[in-house]
Amino acid sequence: MNTSCTAHAGESVQAPIHGRVGKEPTRIVYKNSAKVTKSDFSWKLLNCQLLALVYRKCILVTMSDQNESKLNRLLAGLSDTGVVSSRWLRAHGYSSSLVVRYVDSGWLVSPARGVYMRKGGSLRWEGVVRTLQWTEGLSLHVGGRFALAWQGHEHYLRLGEAAVVTLYGPDRVPGWVGKLPLAERVEYCGKGPFDLPVLSFTDETSDQALLDQGLERREAAPSGVLVCSTPERAMLELCGEASDASGVYEVDALMQGMATLRPQRLEMLLSYCRSIKAKRLFLALAERHGHAWFSHLSLDGVDLGRGKRSLVSGGHLHPRYQITLPGDLDEQLG
């Protein structure tokens, strides 16, 4: 058999090595003349190891820079009174191990399970509500009793009791809020007595859109701006919460100081109010105190329901609004 090999131009010539001749076809093995020495192999292996080391170092440096940048963004967005939930952190690319590293490094502390804040920060109700409204994006506003106290109406204060931050809205308060060591207690009061469209409390919602629902932005330094009920809405929210004589006494004492309520805003809120009890109690006490704005209040289109409503036993039935009120309101005010 012819085992000659023809080399073409530019190709290296390798000498064929004949395999053994037997029953199987003869195999031709070509011997590479360019030998690789042990020294060459060692150098190549060392170069590969160095390249891998440099590549790994570049990755680690890049990851470190990215983590530092994420930490800076997180701290820049946290006020001294602000908090951030683990749910929000996960949703924005902060893994559990990364958050643990921030805590171990002294950047963050955890005042309660599932929530974090700046180390050295001050835990305050304003910062918590700001987080709920802005960071968590929840439609929860400060309303009712606490909104009125925040605006300077202090009649509700009860000696020996901690203040209660009353929140209203369609979204529920996260469980971690109740675990925070706040000086105040946070209480979720549900949607309240109104049937109104849900609003976002970010900058995308105008001040006028908020006012159209009896809501307003209020500065709460150093935490920032919060959304709360106007006095008109807060009074109706509080009327919806009254369930006994003590609740009526509280609303009556507050109503005495409500000389500057806006009748047009009240008309809008009364038309959207779902609670017959809240509307009747509000109107009966407003008429009782004879504020100037009450004479300008139109009740056209306001549903006051039918039949009688009783809040207290043994009281006096209001002849116009058909709701039973305590008979000693004047004594309580004195």
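Reader: Leaving aside its neighbours within four places in sequence, which residues is T324 in contact with?

Author: Contact here means heavy atoms within 4.5 Å. In this predicted model, T324 is in contact with R309, S310, L311, V312, G315, H316 and L317, once neighbours within four places in sequence are left aside. T324 is found in strand β13, which spans residues 323-325.

Reader: Is T324 buried or exposed?

Author: A residue counts as buried when its relative accessible area is under 20%. T324 has a relative accessible area of 11%, and is therefore buried.

Reader: Which residues have the most contacts inside the largest nonpolar core?

Author: The largest one here has 59 residues, and L281, F282 and W293 have the most contacts inside it. Helix α10, residues 276-289, supplies the largest share of this core, with seven residues. Leaving aside neighbours within four places in sequence, F282 is in contact with M235, L236, C239, M255, L261, L266 and W293. Another core, of 13 residues, lies apart from the largest one, and L74, V84, L89 and Y94 are among its residues.

Reader: Which residues of helix α3 are buried?

Author: In α3, residues 96-104, the buried residues are L98, V99 and Y102. They cover an arc of only 100 degrees around the axis, so they lie on the same side of α3. S96, S97 and D104, on the other side of α3, are exposed. After α3 comes G106, whose phi is positive, near 90 degrees.

Key: Residues are numbered from 1 along each chain as its sequence is written. This is a predicted model: local features need pLDDT of at least 70, side-chain atom pairs count only at pLDDT 80 or more; totals for chains, interfaces and linings use all residues. Side-chain values use heavy atoms; hydrogens and water are left out. Buried means under 20% relative accessible area, exposed over 50%, partly exposed in between (1.4 Å probe, protein chains only). Helices (H or I, at least four residues) and strands (E, at least two) are DSSP runs, numbered from the N terminus. The arc is that of the directions from the helix axis to the C-beta atoms. A nonpolar core is a set of buried Ala, Val, Leu, Ile, Met, Phe, Trp, Tyr and Cys residues joined through side-chain atoms within 4.5 Å.
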